[in-house]
Amino acid sequence: MTDSFLPNPDHSPQQAAAAEQACASFQASMPAILAAGEDLQLDPHLRSCPRCQALVRDLEAIAEAARQLMPADPPDTLWDQIQRAIALEEQPTNPFTDRDPAHD
Ligand SMILES: [Zn+2]
């Protein structure tokens with residue numbers, strides 16, 4: 001059955017394990033690739049691996065969000081805004097004060 005051998009990660013447990021190992025070693029080398037200023041997209045593993053492509057996309061989205069949420073020099077009001085937003089989220093709805101027709 002060697003003539004029907006396909007490079008499918010789901011083909012055998014051994015291949016799946018090998019694919020996971022390749023992903024693990026790629027992911028372990030990501031910081032070094034980024035630190036070297038190289039383009040992750042050029043990595044041969046990444047180009048052939050949808051799982052790692054999804055991972056890199058997620059990481060880039062998170063990094064981009066972090067850049068927008070946390071400017072290099074965050075203003076003093078940032079924490080106040082966060083605390084206020086959390087307080088609004090957690091404020092329990094009180095039917096007696098929220099739905100008082102006398103205030104209408
Ligand atoms: Zn991978």
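**Exercise 1.** Of the 20 residues of helix 3, how many are buried?

*Solution.* Begin with the ground rules. Residues are numbered from 1 along each chain as its sequence is written. The model is predicted, so local features need pLDDT of at least 70 and side-chain atom pairs count only at pLDDT 80 or more, while totals for chains, interfaces and linings use all residues. Helices are DSSP runs of H or I with at least four residues, numbered from the N terminus. A residue is buried if 20 or more other C-beta atoms, placed from the backbone, lie within 10 Å of its own. In helix 3 the number buried is 0, so this helix lies largely in the open. Across the protein, buried residues make up 2% of the 104 residues.

**Exercise 2.** What span should helix 3 have at 1.5 Å a residue?

*Solution.* The expected span is 1.5 Å times one less than the number of residues. For the 20 residues of helix 3 that gives 28 Å, and its end C-alpha atoms are 28 Å apart, which agrees. Now try helix 4 (residues 77-90): its 14 residues reach 20 Å from first C-alpha to last, close to the 20 Å expected.

**Exercise 3.** At what angle do helix 1 and helix 3 pack?

*Solution.* First, find helix 1 at residues 13-35 and helix 3 at residues 50-69. Next, compare their axes, lines fitted to C-alpha atoms over the stretch in contact, with angles running from 0 to 180 degrees between N-to-C directions. The angle is about 30°, and the axes are 10 Å apart. Angles under 35 degrees count as roughly parallel, and helix 1 and helix 3 are therefore roughly parallel to each other. Last, list the residues in contact (C-beta atoms within 7 Å): helix 1 brings Cys-23, Phe-26 and Gln-27, and helix 3 brings Arg-51, Cys-52 and Leu-55.

Methods: Helix = DSSP H or I, 4+ residues; strand = E, 2+ residues; numbered from the N terminus. Parallel < 35°, antiparallel > 145°, perpendicular 65-115°, else oblique. Contact = placed C-beta atoms within 7 Å. Buried ≥ 20, exposed ≤ 12 C-beta atoms within 10 Å, placed from the backbone.
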